[in-house]
Amino acid sequence: ESTDPDIVRFMAEFCEKRLGKGVVTAKDTPNFVANRIGVFNFLVTLREMAAHDLTVEDVDAATGPLMGRPNSATFRTLDYVGIDVLEHASNNVKDQLKDEVEAALFEVPSVLRELVERGWIGEKRGQGFYKRIKGASGSEVHALNLHTFEYAKSVNATAATLEAAKRAKGVEARLRTLLAGEDRFAAFAWNVLKHTLLYSAGKLGEIADSIVDIDRAMKWGYNWELGPFELWDAIGLTSSVEWMEAEGLNVPSWVKEWIAAGHTSFYQ
C-alpha cells in the first residue's frame, strides 16, 4: 500500500516494453492472483471428482481443452508441477486466511497428503497421478486409482457428453455443449466451473482491482484459453447466475448489481 504509484507504472512499462512481458497488478495477498484461484480450482476439482465417482482419466478428459484448459488438464498438470507444490500452496493460503470458512476450502485433501507421504509427487519422482511403465513392447502410461492407490493402464474416458463437446467448434461451443449434457461429466463440469467463477468474483477487490487482471493472470499463468470472467460470458452470464441462485448459491452482490444495471456480459 505504501508503494509509490509512479514506481508501479514505471516497472509495468519497463516489463512490458523492454522485457516483452504481460503485466497484471496484484495486491499483496496469499498466492496473489493466479495461484489463489488456480489452487482453489484444483481443490474443488478433487472434491467434485470424489462426489461424482470419477477416475483420474475421467477428470482429465473433462478439464482439458473441453473447458478451455491445456491438454495436461488437471492431473497431468499436477504431475508436471509437483503434487508437493500444490500441498505447500494450499497450506500457504489456509494458514494466512482469517476467515475460517474460506480457509477450510484450502484444506489439503487426504489423497494429496497420502501421495506426498509416499513420495509419489509427480514427474520429478517418476510417479504421481500417472506413472510410465516400461515393458517389452515399449512404455505405457498407467493411471492411479485413488481408492486403492494402485496403478493400471490408462484408458480414454468415453461418454456422450464428452464426445459431443469434442465435436463442437471453438472453446465457447465446447463449454456450452459440455454443460448441456445430462450425465455425471456435465454435472461435474458445472460444479467445478460454478464454484471457480463465484470464488473469482468474490475475490475482486481483494486480490486485484480489475477483472481483466484476473483473467490475464489465469490465461498467462495457467494457460487457460479464457479467464474466469471470459468463461462466464461464454456460458451466458445472466442464465448461469439464474441457475446458480436456483441452486441456492451466494452470488456476489456486485455481479447481481451489474446484471440489474442492464448488462448481459462482462465484456463487449
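Predicted model: local features only at pLDDT ≥ 70, side-chain atom pairs only at ≥ 80, totals over all residues.
Me: How do the axes of α2 and α11 cross, and how close do they come?
Reply: The axes of α2 (residues 34-51) and α11 (residues 211-222) come within 9 Å and cross at roughly 70°. Angles of 65 to 115 degrees count as roughly perpendicular, so α2 and α11 are roughly perpendicular to each other.

Me: Which residues in α2 meet α11?
Reply: On the α2 side they are Ala-34, Asn-35, Ile-37, Gly-38, Val-39 and Phe-42. Their counterparts in α11 are Ile-214, Ala-217, Met-218 and Tyr-222.

Me: And by class, what does the contact of α2 with α11 have?
Reply: Eight nonpolar residues, two polar and no charged ones.

Me: Switching to the sheet. What is the strand order?
Reply: β1-β2-β3, in an open sheet of three strands with antiparallel pairing. β1 (130-135) and β3 (150-153) are at the edges with a single partner strand each, so one side of each has no neighbour in the sheet. From one strand to the next, the twist averages 40°.

Me: How many bridges join β1 to β2?
Reply: Six, and the two strands run antiparallel; β2 covers residues 138-145. One of the residues involved is Lys-131, whose bridge partner in β2 is His-142.

Me: How many for β2 to β3?
Reply: Four, again antiparallel. Ala-143 stands opposite Ala-152 in β3.

Me: What lies between β2 and β3?
Reply: Four residues, with the two strands forming a hairpin. In the turn, Phe-149 has a positive phi of about 60°.

Notes. Residues numbered from 1 in each chain as written. Heavy atoms only, no water. Axes fitted to C-alpha atoms, helices over the stretch in contact; angles between N-to-C directions. Parallel < 35°, antiparallel > 145°, perpendicular 65-115°, else oblique. Contact = heavy atoms within 4.5 Å. Nonpolar A, V, L, I, M, F, W, Y, C, P; charged D, E, K, R; others polar. Pairing = 2+ DSSP bridges.
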